[in-house]
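Subject: Structure for you to look at

Hello,

Here is the structure I said I would pass on. Please open it first, then read the notes below it.

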Amino acid sequence: MEVREAIGRRRSIRFLLPFKPVELAKIQRMLEAARLASHWGNVGSLRAFVIERDKAPKEVLDALPSPVGGYQIALAPIVIVWYIDTAATGEVGKRLRELLDAGAIGYGETKRTTIEQTLIPIMESATEVLRLPGLGEVDCGQGIAQATLMAVEQGLGTCCLGTGDPDGVRKKLGLPETCRLLVTQTVGYPAEGPEAGGQRPRQPFESLFQLNSASRPFPRDPEVVAELERDGMIQPTAPLPWREAELEFLRRGLGLKGDGLL
């Protein structure tokens, strides 16, 4: 699958087949993609707690429900709890030396001395600040995005969810205090069509991006838009005319009750 098509089909798939298990090899490929994502200082603070709904201990499953989980967690064969381990920041010196040995940072004959005397001391002195929410979450997000693209590439559907009590979930899962929950990602084979009702509403392109000046919107070339539409990255706008019928079919087929808001 082309990367553009994968991005275009990356929208959240909320309805999954609960009876069809996901091969662990496919989950491993997602984790491999996450592991290879870029991360400041090469510290790699992204972690994942993978839960098989049909095999995990009861106490682990009981830790999953959240105000924004609803039927999605109940249906998903696999749930990945993504979290950041801020303790990884303490290894920034070691990780920077690995980059140096790999030829990824620095240049010239004195690069090792320069990095040892400047970059590494600066980064090590800032570890407490770097443990705070911010840059680490951004780089962890890159890893989660790469894992999501890998899931789409393998024919899987995913949806990232928040939780109303991240610290409570962390404790129930037995994760140390150095960890912060990021998102919970449901994974499975889609029960709904890959269009998921069409392209969801997004803010106007011109209101999001600037070029050379804060007052100058980045120009949106219609030819580029048309190209992306042909490639399937930008798809027809939701709701597609048959979406309500699809939702009713899913509600009945999956035995869902109530309004199903979440």
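I start with one side-chain pair. The side chains of arginine 243 and glutamate 246 are joined by a polar contact of 2.6 Å. Please keep in mind throughout that this is a predicted model.

Arginine 243 belongs to helix 12, which covers residues 243-253. Is arginine 243 buried or exposed? Its relative accessibility is 11%, so it counts as buried, the cut-off for buried being under 20%. Leaving out residues up to four places away in sequence, arginine 243 touches Phe15, Glu192, Ala196, Gly197 and Arg200.

Alanine 245 is in helix 12 too, but alanine 245 has a relative accessible area of 54% and is exposed. Between alanine 245 and leucine 96 there are 54 Å in space, C-alpha to C-alpha, and 149 residues in sequence.

The chain as a whole

The protein chain has 262 residues, and 38% of them count as buried. Its secondary structure consists of twelve helices and four strands. The C-alpha trace spans about 65 × 55 × 35 Å along its principal axes. Of the contacts with a separation of 6 or more, 82% are between residues 24 or more positions apart.

Two of the pairings can be followed in some detail. Strand 1 pairs with strand 2 (residues 78-85) in the antiparallel sense over seven bridges. If you want to find this pairing on screen, look for alanine 48, whose bridge partner in strand 2 is tryptophan 82. Strand 3 and strand 4 are also paired in the antiparallel sense, over five bridges. Here glycine 157 stands opposite glycine 188 in strand 4. Strand 3 is mostly covered, with four of its five residues buried.

Two packed helices are described by the angle between their axes and the distance between the axes. For helix 2 and helix 9, the axes come within 7 Å and cross at roughly 145°. The crossing of helix 2 with helix 9 is right-handed. Which residues make the contact? From helix 2 they are Arg29, Met30, Ala33 and Ala34, and from helix 9 they are Gly143, Gln146, Ala147, Met150 and Ala151. Sorted by kind, the residues of this contact are six nonpolar, two polar and one charged.

Proline 21 is in the loop between helix 1 (3-8) and helix 2. With a relative accessibility of 58%, proline 21 counts as exposed, because the cut-off for exposed is over 50%. Its contacts, apart from neighbours within four places in sequence, are with Pro77 and Tyr189. Proline 21 and alanine 76 are 55 residues apart in sequence, while their C-alpha atoms are 9.0 Å apart in space.

Backbone points to check

Most residues other than glycine have a negative phi, and most peptide bonds are trans.

- Alanine 196 has a positive phi, near 50°, and is not a glycine. Alanine 196 is in the loop between strand 4 and helix 11, and at 4% relative accessibility counts as buried. Alanine 196 is also one of the residues touched by arginine 243.
- Asparagine 212 has a positive phi of about 65°, again without being a glycine. Asparagine 212 lies in the loop between strand 4 and helix 11, and at 74% relative accessibility counts as exposed.
- The peptide bond from alanine 238 to proline 239 is cis, with omega near 0°. Proline 239 is in the loop between helix 11 (222-231) and helix 12.

Regards

Notes:
Residues numbered from 1 in each chain as written. Predicted model: local features only at pLDDT ≥ 70, side-chain atom pairs only at ≥ 80, totals over all residues. Heavy atoms only, no water. Helix = DSSP H or I, 4+ residues; strand = E, 2+ residues; numbered from the N terminus. Buried < 20%, exposed > 50% of the residue type's maximum accessible area, 1.4 Å probe, protein only. Polar contact = N/O pair within 3.5 Å; in protein donor to acceptor, adjacent residues only side chain to side chain. Contact = heavy atoms within 4.5 Å. Pairing = 2+ DSSP bridges. Axes fitted to C-alpha atoms, helices over the stretch in contact; angles between N-to-C directions. Left-handed = near helix turned anticlockwise from the far one by under 90°. Nonpolar A, V, L, I, M, F, W, Y, C, P; charged D, E, K, R; others polar.
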